[in-house]
Amino acid sequence: MRFLANKFDKDKFFFIMGADSLYSFPHWKDAEQILHYATMLVAPRGTAKQEDVLEKMNEMNIFYTGDYFRPIRCLDIPCSSSEIREKLKQYRLANASLAIQTLCENLYLPKPVCEYIMNNRIYT
């Protein structure tokens with residue numbers, strides 16, 4: 001984030017996270033520094049209740065003394081980055097096309113997203 005913020009110093013950055021990541025954010029490496037460079041957009045995920053997520057965002061904004069965490073409205077994608085990483089470990093061993101197919105079928109990701117993840121070696 002620091003690199004991007006320095007390179008594109010006139011731009012504003014947003015970091016999209018699932019609601020599940022909101023709860024572990026204080027334990028992230030350099031969490032407080034990340035907030036200096038980006039607004040955290042929190043997407044709904046799974047069984048997390050919207051009221052609970054909004055309450056947690058409010059707590060985090062108070063704790064970090066700013067308006068850093070904001071809700072974002074989007075489709076509920078039924079997988080997390082952790083699940084994607086795990087599936088990639090399992091299926092990359094076979095071959096790339098099988099990994100793409102498995103990501104799309106098992107994690108409900110659109111094929112272009114799966115291909116981008118594989119081709120750009122995201123999560124590796």
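This is a predicted model: local features need pLDDT of at least 70, side-chain atom pairs count only at pLDDT 80 or more; totals for chains, interfaces and linings use all residues.
## Burial and overall make-up

A residue is called buried when its relative accessible area is under 20%, exposed when the area is over 50%, and partly exposed in between, using a 1.4 Å probe and protein chains only. Residues are numbered from 1 along each chain as its sequence is written, and side-chain values use heavy atoms, with hydrogens and water left out.

The protein chain has 7 helices and 3 strands, where helices (H or I, at least four residues) and strands (E, at least two) are DSSP runs numbered from the N terminus. Starting at the N terminus, the elements follow the order α-β-α-α-β-α-β-α-α-α. Of the contacts (heavy atoms within 4.5 Å) with a separation of 6 or more, 62% join residues 24 or more positions apart. The chain exposes about 8500 Å², with carbon and sulfur atoms supplying 54% of that area; accessible areas come from the Shrake-Rupley method with a 1.4 Å probe, and for residues only the protein chains shown count as cover.

## The strands

Let's turn to strand β2, residues 38-43. Here 6 of the 6 residues are buried, so the strand is largely enclosed by the rest of the structure. Ala38, Met40 and Val42 point one way from β2, while Thr39, Leu41 and Ala43 point the other way. In a regular strand, side chains alternate between the two faces of the sheet.

With β1 (residues 13-18), β2 pairs in the parallel sense over 6 bridges, and phenylalanine 15 has methionine 40 of β2 as its bridge partner. With β3 (residues 69-71), the pairing is again parallel, over 3 bridges; there leucine 41 stands opposite arginine 70.

## Helix α7

Helix α7 covers residues 111-119, and its buried residues are Cys114, Ile117 and Met118. Seen down the helix axis, these buried residues fall within an arc of 95°, so they line one face of α7. That arc is taken from the directions that run from the helix axis to the C-beta atoms. On the other side of α7, Pro112, Tyr116 and Asn119 are exposed. After the helix comes arginine 121, with a positive phi near 55°.

## A nonpolar patch

Met1, Phe3, Leu4 and Phe8 make a nonpolar surface patch of about 370 Å². Patches are made of residues with over 30% relative accessible area and no salt bridge; nonpolar side chains (Val, Leu, Ile, Met, Phe, Trp, Tyr) are joined within 5 Å and like charges within 9 Å. A salt bridge here is a side-chain nitrogen of Lys or Arg within 4 Å of a carboxyl oxygen of Asp or Glu. Leucine 4 lies in helix α1, residues 2-7, and is partly exposed at a relative accessible area of 34%.

## Positive phi in two loops

Aspartate 30 is not a glycine, yet its phi is positive at about 55°. Aspartate 30 sits in the loop between α2 (19-24) and α3 (31-37) and is partly exposed, with a relative accessible area of 40%.

Threonine 65 also has a positive phi, near 50°. The loop that holds threonine 65 runs between α4 (50-63) and β3, and this residue is exposed, with a relative accessible area of 67%.

Definitions and conventions. Two strands pair if DSSP finds at least two bridges between them.
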